[in-house]
Amino acid sequence: MLLPFSVSAVDRGSRARSGLITTAHGAVRTPAFMAVGTRATVTGLDPADLLAVGAQVLLANTYHLLLRPGPELFRRVGGIHAFMGWSGPVLTDSGGYQIFSLAADRTLSERGAHFKSYVDQRVHLLSPERSIEIQSAIGADIMMVLDECVDSRSDEAMTRAAMERTHRWALRSLAARTNPAQALFAIVQGGVHPTLRRESAAFLTAHPFDGFALGGLAVGDTRAEREDITQASTEWLPSARPRYLMGVGTPPDLLHAMLAGIDMFDCVLPTHLAWQGTAFTSTGRVKVSRGSCAAADVPLDLSCTCATCQRFTRAYLHHLFKCSEPLGPRLLSIHNLHHYLTLMAEARAAIEAGSYAAYAAAKLEAIDRHEHSGRRFKLGGVAVE
Ligand SMILES: [Zn+2]
């Protein structure tokens with residue numbers, strides 16, 4: 001049986017849709033943003049914090065968890081939910097992206113990727129079968145196939161070869177799955193070449209995957225290329241299955257991708273920027289270490305209802321960052337995730353009301369104005385000032 005997924009509303013003025021995914025550890029309202037907990041932790045936050053900011057589902061990473069603590073530990077304790085004290089849904093990335101971007105001394109072959117561990121220098125093989133075995137041990141509600149990523153600027157022949165290998169690996173992953181309660185998503189590749197993307201979508205959607213992801217974006221491509229590929233690809237994916245745009249992105253990226261009908265997102269940006277002292281606010285990004293925050297006895301964001309904005313001033317956050325106190329990044333992470341998850345909740349409500357296109361246009365215009373970029377954006381193919 002495929003992962004239960006139902007579409008509850010489609011926007012009147014765009015392809016945006018809202019729906020519900022029901023996993024073994026609970027339901028996820030879509031469109032959903034997944035908080036990134038690469039190493040079985042969203043850095044600095046515990047599961048109570050995550051529930052308080054409205055997190056529905058976490059993303060953990062197979063590559064990092066393979067190296068430490070290792071799949072044996074997950075088998076012993078009964079999976080990631082018990083281990084980290086999170087009872088909600090978890091999706092695991094397969095490790096394909098990390099093999100591409102992080103692994104030293106890696107060699108790729110049809111079998112898989114051999115690479116050296118950054119923990120103990122041992123050599124590991126991450127094959128499609130091994131990735132599924134590790135994700136099974138982790139106890140992911142949604143697993144991802146191992147894919148071969150290439151830089152978006154790679155030539156068409158190289159991009160095609162990686163795409164075709166990704167297809168073969170996807171079928172091996174499907175065959176390796178032992179527990180049907182753990183859903184498995186395929187990953188559409190093909191770089192920034194629409195013909196390859198179309199071919200990849202056609203190949204993968206002919207097989208019984210629970211959902212379909214767009215991979216290999218935000219790896220050297222421009223924002224315009226990313227938006228065009230996302231827009232086109234969603235048309236080639238079945239409407240009855242969840243669509244997941246991997247590793248993207250900023251609030252405008254999410255607003256655009258939802259217009260195209262994307263259901264799931266993940267990105268390190270809200271937590272990553274929090275650790276660098278940058279907050280997303282309703283009036284643009286704020287760097288709290290700047291001198292202008294030193295005497296600001298106001299919340300980070302006057303219109304935010306998060307625990308950080310309810311209790312602390314910009315001046316206090318500025319002080320924490322100046323002293324390198326770990327509470328600073330923690331409070332900013334709470335705020336930034338709350339900001340992202342509130343955006344998603346607003347988007348879902350707008351889709352249900354049939355007014356998402358207008359909501360997205362107004363939101364994009366406001367973000368543009370605050371960020372002073374002044375760039376034009378496309379809405380459903382129409383350029384808007
Ligand atoms: Zn806040």
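Which residue stands opposite Phe 280 in strand 16? I looked it up, and Arg 285 is the residue there.

**Ground rules.** I am working on a predicted model, where local features need pLDDT of at least 70, side-chain atom pairs count only at pLDDT 80 or more, and totals for chains, interfaces and linings use all residues. Residues are numbered from 1 along each chain as its sequence is written, and side-chain values use heavy atoms, with hydrogens and water left out.

**Strands 15 and 16.** I took strands as DSSP runs of E with at least two residues, and helices as runs of H or I with at least four, numbered from the N terminus. I counted two strands as paired if DSSP finds at least two bridges between them. Strand 15 covers residues 278-281 and strand 16 covers residues 284-287. Four bridges join them in the antiparallel sense. The two strands form a hairpin, with two residues between them. I then checked which way the side chains of strand 15 go. Thr 278 and Phe 280 point one way, Ala 279 and Thr 281 the other way, and all are buried. Buried here means under 20% relative accessible area, exposed over 50%, and partly exposed in between (1.4 Å probe, protein chains only).

**Strand 6.** I found strand 5 (residues 58-61) parallel to strand 6, with four bridges. Leu 59 has Leu 91 as its bridge partner. Strand 6 also pairs with strand 10 (residues 142-144), parallel again, over two bridges. There Thr 92 stands opposite Met 143. From strand 6 (residues 90-93), Val 90 and Thr 92 point one way, and Leu 91 and Asp 93 the other way. All of these are buried.

**Sheet 7-8-9.** I noted an open sheet of three strands in the order 7-8-9, paired antiparallel. Strand 7 (107-108) and strand 9 (123-126) are at the edges with a single partner strand each, so one side of each has no neighbour in the sheet. Strand 7 meets strand 8 (residues 113-116) over two bridges. Thr 107 stands opposite His 114.

**Zinc site.** I listed as donors the N, O and S atoms within 2.8 Å of the metal (3.2 Å for Na, K and Ca); water is not among the atoms, so sites may look incomplete. The protein donors of the zinc ion are Cys 304 (SG), Cys 306 (SG), Cys 309 (SG) and His 335 (ND1), 2.1 to 2.3 Å away. Their spacing along the chain is C-x1-C-x2-C-x25-H. The site is tetrahedral, with angles of 100 to 116 degrees among the four donor atoms. For four donors, that label needs all angles between 85 and 135 degrees. Ideal tetrahedral angles are 109.5 degrees. Cys 304 and Cys 306 are both buried.

**Disulfides.** I searched for pairs of cysteine sulfur atoms within 2.5 Å. The count is zero. Cys 149 is buried at 7% relative accessible area, and Cys 267 is buried at 8%.

**Thr 230.** I placed this residue in helix 9 (residues 223-235). Thr 230 counts as buried because its relative accessibility is 4%. A polar atom of its side chain lies 2.7 Å from the backbone oxygen of Arg 226. Counting contact as heavy atoms within 4.5 Å, and leaving aside neighbours within four places in sequence, I found Thr 230 touching Leu 214, Leu 217, Leu 245, Ala 257, Ala 260 and Ile 262.

Methods: Tetrahedral: all angles 85-135°; square planar, octahedral: opposite > 155°, others 65-115°. Polar contact = N/O pair within 3.5 Å; in protein donor to acceptor, adjacent residues only side chain to side chain.
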